[in-house]
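This briefing describes the architecture of a single protein model.

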Amino acid sequence: MTGWDAAKNTSVKIVLVLLLFLQAHPAIAATLVVSDPDNRQVIFIDTINGERRGAAAAGDGPRMVAVSPNGQLALAGNYGSVQVAGNSVLVLDIASTRAR
């Protein structure tokens with residue numbers, strides 16, 4: 001087996017693993033998590049059809065969303081407003097589109 005054949009086999013294995021993951025977790029894999037500080041919420045958008053899956057209420061000024069490595073949770077820092085500094089982190093369940 002040449003180096004190219006080994007690389008092709010590795011690429012095929014990676015693609016198959018990704019496809020299996022997407023089938024096992026379709027709601028998680030196809031969701032974009034976006035902070036909306038003006039409306040004090042975090043929005044979940046289906047990346048396949050572009051529709052809104054849901055929204056979770058947040059504190060003042062939610063920003064900087066980070067998704068866990070397994071894609072099940074997201075964190076959003078509540079930065080606050082000009083008048084009051086924020087000091088909390090919102091933990092979100094991506095599959096249910098709800099805060100924990």
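In what order do the elements of the protein run from the N terminus on? The order is α-α-β-β-β-β-β-β-β. The model is a predicted one, and the protein has 2 helices and 7 strands. The strands form an open sheet of 3 strands and an open sheet of 4 strands.

**Overall composition**

- Of the 100 residues in the protein, 26% are buried.
- The accessible surface comes to about 6,700 Å², and carbon and sulfur atoms account for 60% of this area.
- Among contacts between residues at least 6 apart in sequence, 26% join residues at least 24 apart.

**The sheet of 3 strands**

- This open sheet has the order β1-β2-β3, and the pairing is antiparallel.
- Strands β1 (31–36) and β3 (52–57) stand at the edges with a single partner strand each, so one side of each is left without a neighbour in the sheet.
- On average, neighbouring strands of this sheet are turned by 20° against each other, direction ignored.
- The antiparallel strands β2 and β3 are joined by 5 bridges; Q41 has A57 in β3 as its bridge partner.

**The sheet of 4 strands**

- The order in this open sheet is β4-β5-β6-β7, again with antiparallel pairing.
- Its edge strands are β4 and β7 (98–99), each of which pairs on one side only.
- Strand β4 (residues 62–67) runs antiparallel to β5 and is joined to β5 by 5 bridges.
- Within β5, G77 is the bridge partner of R63, while A74 stands opposite V67.
- The hairpin of β4 and β5 has 5 residues between the strands, and G71 takes a positive phi near 75° there.
- Between β5 and β6, which also run antiparallel, there are 7 bridges, and the hairpin that joins these strands passes through 4 residues.
- A74 has L92 as its bridge partner in β6.

**The nonpolar core**

- In soluble globular proteins, nonpolar side chains tend to be buried together.
- The largest nonpolar core here has 10 residues, namely V33, V42, F44, A56, A58, A74, A76, L90, L92 and I94.
- At least two residues of this core come from each of β2 (41–46), β5 (73–80) and β6 (85–93).
- The bridge partners A74 and L92 are both members of this core.
- Which residues does V42 contact, leaving aside its neighbours within four places in sequence? V42 is in contact with V33, V34, S35, G54, A55, A56, A58, P62, A76, L90 and L92.

**N78, a buried residue of β5**

- Is N78 buried or exposed? N78, which lies in strand β5, has a relative accessible area of 7%, so N78 is buried.
- Not counting residues up to four places away in sequence, N78 touches A58, G59, D60, G61, P62, G86, N87, S88 and L90.
- A polar atom of the N78 side chain lies 3.3 Å from the backbone nitrogen of G59.
- Two residues touched by N78, A58 and L90, belong to the largest nonpolar core, and A58 and L90 are also in contact with V42.

Conventions. Residues numbered from 1 in each chain as written. Predicted model: local features only at pLDDT ≥ 70, side-chain atom pairs only at ≥ 80, totals over all residues. Heavy atoms only, no water. Buried < 20%, exposed > 50% of the residue type's maximum accessible area, 1.4 Å probe, protein only. Contact = heavy atoms within 4.5 Å. Areas by Shrake-Rupley, 256 points an atom, 1.4 Å probe, with all protein chains shown as cover. Core = buried A, V, L, I, M, F, W, Y, C linked by side-chain atoms within 4.5 Å. Pairing = 2+ DSSP bridges. Axes fitted to C-alpha atoms, helices over the stretch in contact; angles between N-to-C directions. Polar contact = N/O pair within 3.5 Å; in protein donor to acceptor, adjacent residues only side chain to side chain.
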